[in-house]
Amino acid sequence: MRARHKSWTTPYLAEHEDKALPVVDPNSEFFKSKPLYLEIGMGKGDFILGLSKIQKGHYLGVEKVVDVLAVATKKLIEDGSEDILLRRGDFDDVYEEIKDLRFEKIYLNFSDPWPKRKHWRRRLTEAGRLTKMVSLLEKGGEIRFKSDNVDLYEYTLEQAALANLEIVYNTNDYTLAEDDVMSEYEKNFRSQGVKITRVILKAKEEK
């Protein structure tokens with residue numbers, strides 16, 4: 001059953017449009033800084049906040065669910081970080097605003113698996129979306145995917161091949177790397193003994 005909308009979240013986001021952007025301005029000073037990193041479907045913000053502590057740069061987090069975005073925004077403000085901005089929306093819509101930006105890495109953590117076959121086209125790792133994401137990468141940049149869902153993991157490998165991407169790394173039993181942090185979902189799944197899958201993708205180098 002879908003959770004009831006929290007009444008405080010929309011006014012809170014309207015109050016803090018400097019952190020939870022209504023629209024991305026790619027020409028702002030924030031996005032002129034390098035390196036840039038992007039998380040799509042960032043949830044409540046644990047991953048992006050944690051990663052920003054160990055990997056310096058500027059971060060953009062995209063999240064479509066208003067209540068979840070509000071929780072992440074609150075965490076960001078309480079943390080005091082100046083290195084992260086958030087944006088509410090679907091990747092397909094936000095892409096048009098950020099298509100001229102270039103990111104070192106794009107992170108997809110525990111994306112909605114859309115389990116029914118008729119909904120697979122909505123998956124973030126559908127080949128067309130992966131192609132869009134690769135267009136946002138700096139040369140040599142990477143898409144880093146993690147999930148608890150084996151079906152989505154296997155689908156992502158298939159779609160990566162359709163998008164003609166290089167699979168740099170993949171595993172269905174991922175041990176956390178030193179340059180990685182856990183999202184709130186990953187902490188929960190690992191505490192239950194659930195195996196985590198990981199895939200790292202990049203554009204194929206032209207020969």
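Buried here means under 20% relative accessible area, exposed means over 50%, and partly exposed is in between, with a 1.4 Å probe and protein chains only.

A quick word on the model. It is a predicted one, where local features need pLDDT of at least 70 and side-chain atom pairs count only at pLDDT 80 or more, while totals for chains, interfaces and linings use all residues. Residues are numbered from 1 along each chain as its sequence is written, and side-chain values use heavy atoms, with hydrogens and water left out.

Back to Glu63. This residue sits in strand β3, residues 58-63; helices (H or I, at least four residues) and strands (E, at least two) are DSSP runs, numbered from the N terminus. The Glu63 side chain reaches the backbone nitrogen of Met42 at 3.4 Å. Its contacts, meaning heavy atoms within 4.5 Å, include Gly41, Val68, Arg87 and Gly89, not counting residues up to four places away in sequence.

Next, the largest pocket. What is its volume? About 870 Å³, where volume is the space filled by probe spheres set on grid points joined across faces, edges and corners. A pocket is an open set of points on a 1 Å grid over the protein atoms alone, where a 1.4 Å probe fits, with protein on both sides within 12 Å along at least five of seven lines; lining residues have an atom within 4 Å of a point. There are 32 lining residues, and Glu63, Lys64, Val65, Ser111 and Asp112 lie nearest the centre. Elements giving two or more residues to this lining are β2 (36-40), β3, α4 (91-98) and α7 (184-191). The most comes from α7, with 3 residues.

Just after α7, Gly193 takes a positive phi of about 80°.

Phe189 also turns up among the residues touched by Asp148, along with Phe110, Val194, Lys195 and Ile196, leaving out those up to four places away in sequence. Asp148 is in the loop between β6 (137-147) and α6 (150-162), and is partly exposed, at 28% relative accessible area.

Now for some backbone geometry. Lys34 and Pro35 are joined by a cis peptide bond, with omega about 0°, and Pro35 lies in the loop between β1 (20-21) and β2. Trp114 is not a glycine, but has a positive phi of about 40°. Is Trp114 buried or exposed? At 19% relative accessibility, Trp114 counts as buried. Asn164 has a positive phi too, near 60°, and is partly exposed, at 48%.

Last stop, Tyr155 in helix α6. Tyr155 is buried, at 7% relative accessibility. Thr125 is 30 residues from Tyr155 along the chain, with 7.9 Å between their C-alpha atoms. Beyond neighbours within four places in sequence, Tyr155 is in contact with Trp120, Arg123, Thr125 and Glu126.

How values were computed
A polar contact is a pair of N or O atoms within 3.5 Å; within protein, one must be able to donate a hydrogen and the other to accept it, and residues adjacent in sequence count only if both atoms are side-chain atoms.
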